[in-house]
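Please read them with the coordinates open.

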Amino acid sequence: MTFSQGGNFEGGRVRRRAGGGTIAAGGGGLVAIIALAIYLFTGQDVSGQLGAGPGGGSEQETAVGECTVEQANTDPICRFSATMQSLDAFWQTSLPAGTAFAAPGGVEFSGGTSTGCGQASAATGPFYCPPDRTVYLDSTFFATLQQQFGAQGGPLAEMYIYAHEYGHHVQNLTGVFDRADRSGGGAESDSVRVELQADCYAGMWAGAATETPRPGTDTPFLEPITAEQLAQALDAAAAVGDDHIQQQSGGGVNPDTWTHGSSEQRQRWFTTGYEQGSLAACDTFATDSL
């Protein structure tokens, strides 16, 4: 997956954080991590009940500067920034009628960082935090995805992750988060439907990015996607399937505990968005069987 030649990507779209410090193994740090985990998996904000607050340590934040196309094609952080700009351009014109567009923030961090959902650590992985409307990316996640979960990697695999988290922002804007009951799990649960819809939204973006022009130009963000690149994105979707993660963790597969969907489901819904390219096709709540 490569960005089309011509011009540069503006700076300031994504910010980098450093100096968050080591997350404490006990006390406020651990409580904040637990609060974040509960929020991400159930949608319930329990930070007040647990006494979770911002993490310790002084963080320094800097904006990612302007990136050339070559940098966006080779440097992960520039790729993150350029992909967010591509997602902005796509969703500005793809939201349901009457839904106002507002771009989410983007933050890359290492070690740990404070968020509107609680304290995040490297173990959290990429996530979207609704209270501060920001996509967070730990810089070591993709190495973990390949080394521990057997993903192939590749640029489109990384961009699929960004687009999935951005899909949660779209759900926040359209009210899906408010309507869905994310308090439980299971193969047919609202939790899984929310995640599979975000996969489908990621597919929608990927299918359109080769035709979505960069602002002020006639140049599309991405060059045509090859079969190999598409396979890498689907491989990443399979790697984060609940059944695959359970297998890699050495336990049995238990659909009753799923919160994100199986590898097959995640691949299928990404493909649905990629091939059909419509919000209606991505309505995971309109079907009895996922």
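**Notes on helix packing and a pocket**

1. The model is predicted. In it, helix α6 (residues 155-174) packs against helix α9 (residues 227-239) at an angle of about 50 degrees, and the two axes are 7 Å apart. The crossing of α6 past α9 is right-handed.

2. The residues that make this contact are Pro155, Leu156, Ala157 and Tyr160 on the α6 side, and Gln229, Leu230, Gln232, Ala233, Ala236 and Ala237 on the α9 side. Sorted by class, the contact of α6 with α9 has 8 nonpolar and 2 polar residues, with no charged ones.

3. Helix α6 also packs against helix α8 (residues 190-209), here at about 120 degrees and with axes 7 Å apart. The pair α6 and α8 is therefore oblique as well. α6 passes α8 in a right-handed crossing.

4. In the α6 and α8 contact, α6 supplies Leu156, Met159, Tyr160, Ala163, His164, Gly167, His168, Val170 and Gln171. Their partners in α8 are Val194, Glu195, Gln197, Ala198, Asp199, Tyr201, Ala202 and Trp205. By class this contact of α6 with α8 divides into 10 nonpolar, 5 polar and 2 charged residues. Leu156 and Tyr160 of α6 are listed in the contact with α9 and again in the contact with α8.

5. α8 has a further partner in helix α11 (residues 263-276): the axes of α8 and α11 come within 6 Å and cross at roughly 40 degrees. α8 and α11 are therefore oblique to each other. Their crossing is right-handed.

6. From α8, the residues that meet α11 are Val192, Leu196, Asp199, Cys200, Ala202, Gly203, Met204, Ala206 and Gly207. From α11, the residues are Gln265, Arg266, Trp269, Phe270, Thr272, Gly273 and Tyr274. The contact of α8 with α11 holds 9 nonpolar, 5 polar and 2 charged residues. Asp199 and Ala202 of α8 meet α6 and also meet α11.

7. What volume does the second largest pocket have? The computed value is about 210 Å³. The lining of this pocket consists of Asn8, Phe9, Glu10, Arg13, Gln85, Asp88, Ala89, Gln92, Arg214, Pro215, Thr217 and Phe221. The elements that give two or more residues to this lining are β1 (8-9) and α4 (76-92).

8. Which element gives the largest share of the lining of the second largest pocket? That element is α4, with 4 residues. By class, the lining of the second largest pocket divides into 4 nonpolar, 4 polar and 4 charged residues.

How values were computed: Residues numbered from 1 in each chain as written. Predicted model: local features only at pLDDT ≥ 70, side-chain atom pairs only at ≥ 80, totals over all residues. Heavy atoms only, no water. Axes fitted to C-alpha atoms, helices over the stretch in contact; angles between N-to-C directions. Left-handed = near helix turned anticlockwise from the far one by under 90°. Contact = heavy atoms within 4.5 Å. Nonpolar A, V, L, I, M, F, W, Y, C, P; charged D, E, K, R; others polar. Parallel < 35°, antiparallel > 145°, perpendicular 65-115°, else oblique. 1 Å grid on protein atoms, 1.4 Å probe; cavity = no way out; pocket = protein on both sides within 12 Å on 5 of 7 lines; lining within 4 Å. Points joined across faces, edges and corners; volume = space filled by probe spheres on them.
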